[in-house]
Amino acid sequence: MRKQLLLVLLAVVCASGLFAQCEDDRPLRIGVGPKLGLGLDMGSHSKVQNLNFGKGFGYQAGAVVNAHFGRRYDMSCGGTGWVGLQLEALYGSRAVKLGDASLRTNCLEIPVLAQVYVIPNLAIEAGATMVKVLSTSPTQLLHDGTIYNTGEIKGSDVMISAGVAYKSPIDSNSSWMVDARFNLGMSPLAGNFDTKVSSIMVSFAYLFNIVK
Amino acid sequence: MKKNIFLAIAAVALLLASCKNEDISISREISFQVNPYTVVSEFAKHEVNTGDVQSLPDVCRLHTYLLVYDKDGNLVKSEQNNLQDYLSRMNVNVELTDGNYTAVAITYVVVVSGETAGVEFWSVSGIDRLANLTVTRNAEVWAYQYGILGIQTEQVAVGTGKNAITIDVKPAGAFVVNWIYNLHQYDNEVQYYQPFMTKESTSCTFSSNGQYTANYNQSTDYIYPLMEQVWPQYYEYVTVYTYSFFLPFGQTGFRWEALLTDNQYVSLFDEPTGNIQQGKCYQFAMDLSTQQVVFQELTNGKSAMAHADAQAVNLGAASIGKRVATTK
C-alpha cells in the first residue's frame, strides 16, 4: 500500500514537469535566488594529534544560480532536460566537537555541481565545493593540556559534493528547490592539524527565473 | 577538445594543490610546580632546635622565581611569588609551543614587614637571557639561616615530554652552624667574638645550557663575617649558635676573632680550612674552655657538640635583615 502511494506521488511529480504550461520555447531555464541550509558536520580523526572529533551542527546561507538545460521531450517546456548546472556562493558555519569544546569554522563556500535529472524534477548532483576558511571560533582550543591556536586556521579545501535535489514544478516566474548533499572534506584544516571536515547538508532555495 | 580536457584537469589539479594548508601553532599547557622544601630538607636534619631552618618568621616570605627559557636562551615566561614558607608550593601554568626549554627555579628569603622590611638576601638580574642570569648575595645585611639560596634547572621537552613538571629546588650552596661554647670563659679579657671566613663566592651565573657556577670576585678579597659580634656581657647563655649559608668554594679559611679589652684583635686558637661543597652541612665551632676550634662536615643527624648543650641559643633570628656592622 505504501509502495503504491509512493508510485502515485512520483507519477504526479513527473507529470507536473512534463505537462506544465510553457510560455516560450527557450531550451534553458536559469533561476537565481537565496538559499538556506542546515547540516551535520563531522571531523575526521587526527592522526598527527591523535584527536577524535565528534559531530556538530552547522548552517549555510547564500545565493544560488541554477541552470537547467534542454527539453526532456520534444513537447516539453524548455529547461526540463536531463542536465543542469548549479553554482552557489554561501557563507557556511561548521562545527565539530572535541571533548566538551566545539570548534566552529566560518567559511566561504562555492559549490559547483552538475545535475542529472533522473526524473524531470529530481536531480542527482555531483561536483566540487571550494571552501575558504574565513575565521574560527574559538581562536584557541585547549584539549588534554594542549593548546591549538585554531585562530590560525585560514586554509582552503576542495570538497567532493554529491546529493539529490528536488526542484518544484516550474512556475512561470519562480520555483523552489530542496537538496540533500554530502560534502567530503579532502584537505586537512592545517598542515599539522590533519582533521578533515565533512558534512551532510539539507537546504532550501527559492529561485526566481531570470531566463525562461 | 583535448585542450579543453587538459585545461579542466589542470584546473582541478591547481585547486587541489592550493589546499596544502599551512601549519598552525600548537602549544602545550605545561604545569610547573616549584617545590622549595627540598632546599632545606637536608639542612633541617642538622638544625639545632626544631624549626630553626624549615620555618620562616612572620616578617619573612620565600621569594620564588620560575623562569622559562627557549632553546636559544631567551626568556619566554617569568613568574615570581612570595610563598608563605618552605612547605608551600608555587604552581604556574605556562603555554609553550613544542620544543626544548630550560626552566630555572630560584628561591630566597625576603623580609616583607617589620623593622627591616624590603630587605632581600639575594638579588636576581639579567633574567631576559639565560646566559646573563645572575644571582648575587646581598652582603650588606645579616641573613643567617634565612640566607639560603635555592636553585634548580630542569630541561623541558614540550611535545615529547611530560606536561606536568615538578621542580624540586636544591640548595645552591652549603649550610654552616657556628657555635661558641663556654661563652663566658674570658669575660674579663674579651669585649666580643666574631667568626670570619677568608674568601667567599658571592654570586651565581648561568651558562646558556642552564648550568650555573658560583663566582668568587677576586677583586674583593675581603674577610667575611659569619655572624654579628657576640658580646658576652649582653648574654647570660653559655652556648650560643647561629647559621650561615655559603655558595660553593674550594678551600677557604675560617677563624674566630676576639676584640680584647685593650682594643687588640686576636685570632683565636686554630684557623681551620674547609672545602665548601654544594648541599653539604658543616659546623664551625669554638670551645673557649678547651680552646678548640673545629670546622667539620655534619653527616648523620645533629653533631655531638650540638647535643652537648640543650640550652644553646640561636643569636641569629633576632638580627635578620639588619645591616652588617663595620667590624674593624
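**Exercise 1. Determine how β7(A) pairs with strand β1 of chain B.**

Solution. Strand β7(A) and strand β1 (residues 26-35) of chain B pair in the antiparallel sense over three bridges. Strands here are DSSP runs of E with at least two residues, numbered from the N terminus, and two strands pair if DSSP finds at least two bridges between them. One bridge joins Thr146(A) to Arg28(B) in β1(B).

The model is predicted: local features need pLDDT of at least 70 and side-chain atom pairs count only at pLDDT 80 or more, while totals for chains, interfaces and linings use all residues. Residues are numbered from 1 along each chain as its sequence is written, and chains are lettered from A and ligands numbered from 1 in the order in which they are written.

**Exercise 2. Describe the side of chain A that touches chain B.**

Solution. Step one: 22 residues of chain A are in contact (C-beta atoms, placed from the backbone, within 7 Å) with 15 residues of chain B. Step two: β7 (146-148) and β8 (156-167) of chain A are the elements that give two or more residues to this side.

**Exercise 3. Locate the largest nonpolar core.**

Solution. Such a core is a set of buried Ala, Val, Leu, Ile, Met, Phe, Trp, Tyr and Cys residues joined through C-beta atoms within 7 Å; buried means that 20 or more other C-beta atoms lie within 10 Å of the residue's own. The largest has 86 residues, and Ile180(B) is among those with the most contacts inside it. Strand β5 (residues 99-111) of chain B provides the largest share, eight residues. The core lies between domain 1 (30-171) and domain 2 (174-319) of chain B, because both give residues to it; the domain bounds come from an automatic or database domain assignment.

Key
Contact = placed C-beta atoms within 7 Å. Helix = DSSP H or I, 4+ residues; strand = E, 2+ residues; numbered from the N terminus. Buried ≥ 20, exposed ≤ 12 C-beta atoms within 10 Å, placed from the backbone.
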